[in-house]
Amino acid sequence: MSTAAVQNARKQAEALDIEDSIAFVRDEFNIPTKAQIASSRLADSHPAALQASEDDAKCIYLCGNSLGVQPKRTVTRLNQYLTTWATQGVQGHFKPLEESPLPTWLDADAKAAELIAPVVGANVSEVAVMQTLTANIHLLMSAFYRPDINGRHKIILENKAFPSDHFAVETQIRHHGLSTEKSMVLIESSSKDNIISTEEVLSVISAHADTTALLLLPGIQYYTGQLLDIPAITAFAHKHGIFVIWDLAHAVGNVPLYLHDWGVDAAAWCSYKYLNGGPGCIGGLFVHTNNSVVTKEITDEKPEEGYNNRLAGWWGNDKKTRFVMANKFHPVAGAAGFQLSNPSILDITSLSASLEIFQEAGGMEALRSKSLKLTNFLEATLGQMKEEDRAHFRIITPSKSEERGAQLSLMLSDGLLDTVMKELEARGVIVDERKPNVIRVAPAPLYNTFKDCVLFVEAFSAALEVAKQHAL
Amino acid sequence: MSDFASKAKVLRDGQKPEFPSNANTLEYAQSLDAQDKLRHFRDEFIIPTRASLKKKALDGIIPGAQTNGTITDADTPCIYFVGNSLGAQPKAVRRFLEAQLETWASIGVNGHFSSLSNSPLTSWQDMAADCAAKSAAIVGAADPSEVVIMNTLTVNLHFMLASFYRPTDKRHKIILEWRPFPSDWYAFQSQIEWHGLNPEKSMVEMQPDENLYLSTEKILATIDEHAEDAALLLLPGIQYYTGQLFDIPRITKYAQERGIVVGWDLAHCAGNVELQLHDWNVDFAVWCTYKYLNGGPGSMAGAFVHERHGKVDMSSGKPVFKPRLSGWYGADKSVRFNMDKEFQPTPGAQGFQVSNPSAIDLTSLAAALSVFNKTSMKDLRSKALVLTAYTEHLLDEIVRRQPEGEEPAFKIITPRDPLQRGTQLSLLLRDGLMDTVAAALEAHGVVCDKRKPNVIRVAPVPMYCRFEDVWKFIEIFEAAIRG
C-alpha cells in the first residue's frame with residue numbers, strides 16, 4: 001500500500017472504531033498477544049499469561065470463522081464448575097447454589113437452549129444444545145430421511161460440500177441399502193469460484209422434485225463464504241414436498257437467523273467458530289415445532305405413532321418420567337426429545353459463558369450491523385492496495401453484503417500461499433488457509449476492530465511482496 | 001503376605017475370606033488401610049467435605065485446600081460412596097484445565113497442531129488419540145487403535161449398532177436383559193424401528209429370577225433358543241441396578257459361535273473391573289467416563305472396536321465400504337484435511353469418529369486417566385474386592401445383630417460371589433426405611449445413590465475410599481436402621 005493510502009485507511013479506521021457502539025465487547029475476550037502466538041512454552045505464571053495487555057501487543061486474530069477467541073468469563077465459569085463438582089460431588093446434578101451463575105447439571109441443557117434460541121431465531125423448545133455437528137446431522141437424517149426407492153429417496157446437496165456433510169449423506173443413503181449413483185444429487189456451480197446461485201439450486205430441486213426426500217445445504221459455504229438464501233430455498237423445497245436441513249456451522253453467531261419464521265425443518269451447527277465455545281465445543285440442533293410434535297401419551301394405544309421416530313436415548317425422554325426407568329421411549333415434544341445422553345457439563349458451561357456475551361452485545365442484529373461495516377471496510381481497504389499487489393489475488397466471496405457473512409475468501413495466485421501465511425504470522429496476523437490458494441479472513445464483530453482490518457491489509461501487502469520475491 | 005494381600009488372593013479364587021471377630025472396629029479398619037499400597041491415591045482427589053456438601057452458595061473454598069487452623073468436624077471429608085454414579089474430582093483436572101484455557105487464550109487456532117512445552121497436554125488434534133492410548137490398558141485393548149474416545153455413551157451405542165446390527169429377514173433379533181438401563185432399551189427400540197422392523201418382534205428380553213439375578217445358564221439357553229434368528233446380543237458388563245457382573249468372555253464366545261454379534265455396555269465396568277476386551281474377542285463395547293473413571297459429569301465417552309473389524313481393505317485402490325455412519329473426522333489423518341469426497345477411514349476404532357471432539361472435555365478426561373496410568377486395573381480390583389467383601393461382612397453382621405424374629409432391615413441383592421460383582425453393593429431396604437436411612441446418611445456426611453423406592457447403592461471405590469470409611473458408614477447405617 002502507498003503511505004498515503006495507509007494513513008488514510010488508518011484514519012478511517014480510527015473514526016469507525018470510535019463510532020462503534022459495541023466496541024466495549026472486545027474487552028470480554030482474551031485475544032492472544034503477538035508474543036504468545038510466537039511462543040512454544042506454556043507461560044510459567046498463570047494468570048499472568050491471561051492478564052490484560054496493551055492492545056498493540058495483541059495479535060490480529062481474524063480466524064474466528066475457524067476457532068473463536070476465548071471469552072474471559074469462560075475461565076471464571078469453568079472454575080466455578082470445578083468448585084461445584086469438588087464441593088458438591090453428585091449433588092451438583094440437582095442442588096442449586098445461591099448466587100451461582102451456573103444452573104444445576106440437570107438443568108444445564110435447558111438453560112443453554114434458552115441462550116442459543118435467540119441466536120438462531122427459534123423458540124426455546126425448538127433447539128437443543130447437544131453432541132457435535134456431524135453427529136447431529138446423522139441424528140436428524142435418521143429421523144427425517146426415510147427413503148422409498150419407489151417414491152422419494154434422493155438427497156440433494158452441493159458438489160463442494162464440507163466433506164463431513166458429504167460423508168454423512170453418503171452413509172445415510174447406503175444405510176438404507178440405496179446407492180449414491182441413484183440417490184445422491186449434487187448441485188454443480190457454473191461459476192469458477194463455486195458460487196451457487198439461488199436459481200441453480202431451485203432448478204436442481206425442480207429437476208428432481210418428485211423423487212427427492214431431503215435437501216442439505218450450508219447456510220454459509222465454508223470455502224467461499226457465500227451466504228445462501230435460506231428462506232427462499234426452504235420455501236421452494238417445501239412447495240415440492242422436500243424436507244430441508246441446513247448446516248449452519250459458519251452461519252450461527254455470524255449472521256442473523258430466523259429459523260422458525262423461515263419454516264426451516266431442521267438445522268445443526270458447531271459452537272467453536274463464531275460462538276466462541278472453545279475447540280470442538282458441544283454443538284446444537286434445531287427442529288421446527290411442526291416436526292417434533294408428540295400427539296399421544298405414553299399410556300395411549302400405540303404411543304410410538306404419536307411422534308417422529310428417531311434414534312433415541314434416555315435424555316430425550318420426558319423429564320418427569322426419565323428417572324422412573326420404565327421400558328418405553330416417549331419423547332418430550334420439541335428439540336429436547338432428540339437428545340440422547342446427559343451432556344458434558346464442562347462443555348456446556350464453556351458454551352453458556354460465551355452465549356451470555358451475545359446477549360450483552362445486543363443480539364445478532366447488533367452484531368450484524370457492525371459486521372457489515374467491518375467486512376465492507378476490509379474489502380474497501382483491500383481495494384486500496386497497489387495495483388501490482390491486487391493483481392495477485394481476488395476476492396471470491398460475493399460482493400453483495402446480503403450474500404455473505406463476516407468472512408472474505410481471497411484466492412491468491414499460484415505458489416504464494418505458503419509464504420504469505422508464514423509472513424502474516426510473523427507479523428502477528430492469524431488467518432485461515434485453504435490449500436492450494438485460498439486464505440479466509442473473518443473480522444468477527446464481537447472482538448475485531450476496524451484497525452485490525454487495516455493492520456491486516458498492511459501485513460498482507462508486505463507478505464505479498466515477500467511471496468512474490470520468493471516465487472521469482 | 002499381609003492380611004490384605006491374602007484376602008485379595010482368596011477373593012480372586014472366588015472364595016469368601018475370613019474376617020476376625022474384631023472386624024467391626026476402627027482399629028481393624030485402619031489396619032487394613034495401613035496395608036493398602038494404593039492408599040496414597042486418595043490424595044490425588046478432592047473429596048467433598050461435610051461442610052461443602054451443605055454449602056448453599058459458592059464461596060471459592062475448595063475442600064482440603066485450607067491448611068491453617070484445626071480441622072473441624074465440618075471439614076472432614078464425607079464418605080463418598082457414589083463413585084459409581086459420579087466419580088470424585090481428580091486434583092489433576094484443575095491443573096490440566098488451566099493449561100488448556102491458557103493454550104486457547106495464548107495461541108488460539110494454532111493450538112490444533114501445536115502443543116506448548118511444559119504443558120501436560122498434546123495438541124488438540126492429538127488429544128482424542130492420546131486419551132484412547134491412556135484407556136487401552138483399562139479396557140484390555142491390545143492396541144490403542146481398538147479404542148476411540150468420542151461422543152456420549154448412547155450415541156456411541158447407536159453408531160456401533162449402525163455398523164454391527166445389520167438385520168436380515170432371517171437374523172433380526174436383539175437379545176438383551178429385561179430391564180437394561182433405559183437408554184439402551186430406547187436405543188434398541190429405535191434402531192430396530194429405523195430398519196423398518198417391529199421392536200415387539202425383534203427384541204428378546206431375558207428375565208432374571210426372583211432375586212433379580214440373571215444366570216449365565218439362562219443367557220446361554222436364550223442364545224441357543226435364538227441361535228438362528230438373533231443378529232446381536234448386547235448386555236451390560238455390570239447391571240446398574242443389582243451390580244451383577246456378567247461372564248463376559250463365556251457369553252461372548254457362546255453367542256459368536258452361533259453367528260451372533262456381541263456388544264457390551266460397560267458404563268459400570270470401565271475403571272471398576274478388569275477387562276480384556278481384545279482377548280475375549282468382544283466385537284464392540286461402549287462406556288461412559290464420569291463414573292469410575294472420574295472424568296466429570298457428562299464427560300466424553302469411549303468405544304472399543306475389535307481389531308478384526310477395524311481393518312481397511314485398500315487392495316482395490318479404494319477402501320472397501322463397510323456399513324458405518326461417517327463424518328470427516330473418521331478419515332485418515334493423512335488425508336483428513338484434503339477435503340476429498342472419497343472417504344478413507346482411519347483403520348481401527350478411530351475411524352468411527354464423525355466430528356472434531358471437544359478439547360476441553362478431553363483435557364478433563366486426560367487428567368482423570370493420568371491417575372489410572374499410575375496404577376493398574378489389577379491392583380485396583382484387588383483392593384476393591386477386599387473393600388467390598390469387608391463391607392458385605394459388616395453388613396451381614398448388622399442383620400445378625402437384629403433382634404430374633406425381626407424382619408431383616410435390608411437384603412443385599414448383589415451377587416455374593418465376589419467374581420460376579422464389581423465394587424458396588426445394592427441394598428434393598430425393608431419398606432418404610434428409605435427416608436430415615438437417607439436422612440441419617442445425609443446428616444452424617446455419607447453420600448450414596450438412592451434408587452427409589454427401596455434400593456441404595458453403595459460403592460466404596462478403590463481409588464479414593466478407605467476401610468475406615470466403610471467402618472464409619474456401617475456405624476451410621478446401623479444406627480439409622482435401629483433409629
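Mentor: B:His278 sits in the loop between S8 and strand S9 (284-287) of chain B. The model is a predicted one, and every value below is computed from it. With a relative accessibility of 18%, B:His278 counts as buried, because the cut-off for buried is under 20%. Its side chain is joined to that of B:Glu146 by a polar contact of 2.8 Å. B:Glu146 is also among the residues in contact with B:His278 once neighbours within four places in sequence are left aside; the others are B:Gly140, B:Ala141, B:Ala142, B:Phe304, B:His306 and B:Glu307.

Strand S8 (261-265) of chain B is one of the elements against which the buried residues of H10(B) pack, along with helix H9 (216-225) and strand S7 (230-236). Helix H10 of chain B covers residues 248-257, and its buried residues are B:Ile248, B:Ile251, B:Thr252, B:Tyr254 and B:Ala255. At the start of this helix, a side-chain oxygen of B:Asp247 comes to within 3.3 Å of the backbone nitrogen of B:Arg250. After the helix comes B:Gly259, which has a positive phi, near 80°.

Now the chain as a whole. Chain B contains 15 helices and 15 strands. Its radius of gyration is 24 Å, close to the 23 Å that the globule rule gives for 483 residues, so chain B is as compact as a globular protein of that length. Taken along the principal axes, its C-alpha atoms fill a box of roughly 75 × 60 × 45 Å. Of the 483 residues, 63% count as buried. Among contacts in chain B with a separation of 6 or more, 72% are between residues 24 or more positions apart. The accessible surface of the chain is about 17,600 Å², and carbon and sulfur atoms account for 51% of it.

Chain B is divided into domain 1 (3-77 + 378-482) and domain 2 (107-372). The centres of these two domains, taken over C-alpha atoms, are 31 Å apart. Across the boundary, 25 residues of domain 1 are in contact with 18 residues of domain 2.

The largest nonpolar core has 274 residues, and B:Tyr390, B:Phe473 and B:Phe477 have the most contacts inside it. Helix H13 (residues 377-401) of chain B supplies the largest share of this core, 10 residues. At least three residues of the core come from each of domain 1 and domain 2 of chain B. Not counting residues up to four places away in sequence, B:Phe473 touches B:Ile79, B:Phe81, B:Leu395, B:Leu441, B:Val446, B:Cys448 and B:Val458. Another core, of 35 residues, lies apart from the largest one; A:Phe393, A:Leu412, A:Val431 and A:Val457 are among its members.

Chain A also supplies a residue that touches chain B. A:Ala312 lies in the loop between strand S10 (284-287) and helix H10 (319-322) of chain A, and at 1% relative accessibility it counts as buried. Leaving aside neighbours within four places in sequence, A:Ala312 is in contact with A:Phe329 and A:Leu340, and also with B:Thr154, B:His158, B:Ser183, B:Tyr186, B:Ala187 and B:Ser190. From A:Ala23, A:Ala312 is 289 residues away in sequence and 44 Å away in space, C-alpha to C-alpha.

Terms used. Residues numbered from 1 in each chain as written. Chains lettered and ligands numbered in written order. Predicted model: local features only at pLDDT ≥ 70, side-chain atom pairs only at ≥ 80, totals over all residues. Heavy atoms only, no water. Buried < 20%, exposed > 50% of the residue type's maximum accessible area, 1.4 Å probe, protein only. Helix = DSSP H or I, 4+ residues; strand = E, 2+ residues; numbered from the N terminus. Contact = heavy atoms within 4.5 Å. Polar contact = N/O pair within 3.5 Å; in protein donor to acceptor, adjacent residues only side chain to side chain. Core = buried A, V, L, I, M, F, W, Y, C linked by side-chain atoms within 4.5 Å. Domains from an automatic or database assignment. Rg over C-alpha atoms; globule rule 2.2 N^0.38 Å. Areas by Shrake-Rupley, 256 points an atom, 1.4 Å probe, with all protein chains shown as cover.
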